[in-house]
Amino acid sequence: MSVSMTKQDRNEQLIRRLYHLAEAASKDTQQFVSLFANGGYFYDVSGGKKYQGSDIGLTVDLYTAAFPDMHRELDSFYFDDNVVIVELSLNGTHKGDLALPTGTIPATGKEIHAPCCDVFHIENGKVTSFHCYLAVPILLGQLGVLMNLGAAFRH
């Protein structure tokens, strides 16, 4: 007798697939974007920018360019109907330019282990919204540029 998957199981599987496609070792930006519903979006809360359509994949490409060994450590999943919340960390070595809305940080060679919390809304097996709350001050501190932001950005 087979046990059918619950909605929670399906939602968790979808989000784990999304993260897998954003990892440096298995990056597939087109597949990542395909998991979003028509009209779905990615909201980079710390950067204050929403991405829709094919632009949803831009941050995947930006972070793997800056951190070619980018890996997300998924710590905890929380579920409420069609909402999935994930506590995680972004981990990698800063070997390329990190393009942020305020400017670009050239490679520092430093490792990051930046805490993050992501909130997903899911409808009919697709992501309708993805809000990413990355702890940017911690990330900038780990890169060694937090106390000298003005000098760190290249315009």
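**Exercise 1. Find which residues Asn 91 touches, leaving out those up to four places away in sequence.**

Solution. Take contact as heavy atoms within 4.5 Å. Asn 91 then touches Asp 69, Met 70, His 71, Arg 72 and Glu 73, plus Ile 112 and His 113. The model is predicted: local features need pLDDT of at least 70, side-chain atom pairs count only at pLDDT 80 or more, and totals for chains, interfaces and linings use all residues. Numbering starts from 1 along each chain as its sequence is written, and side-chain values use heavy atoms, without hydrogens and water.

**Exercise 2. Decide whether Asn 91 is buried or exposed.**

Solution. Start with the cut-offs: buried is under 20% relative accessible area, exposed over 50%, partly exposed in between (1.4 Å probe, protein chains only). Asn 91 has 11% relative accessibility, so it counts as buried. Asn 91 sits in strand β4, residues 83-93. Strands (E, at least two residues) and helices (H or I, at least four) are DSSP runs, numbered from the N terminus.

**Exercise 3. Locate the buried residues of helix α3.**

Solution. Helix α3 spans residues 58-66. Its buried residues are Thr 59, Val 60, Tyr 63, Thr 64 and Ala 66. They lie on the same side of α3, because they cover an arc of only 160° around the axis. That arc is taken from the directions from the helix axis to the C-beta atoms. An α-helix has 3.6 residues a turn, so residues three or four places apart point the same way.

**Exercise 4. State how many helices and strands the protein chain has.**

Solution. Count five helices and eight strands. Of the 155 residues of the protein chain, 41% count as buried.
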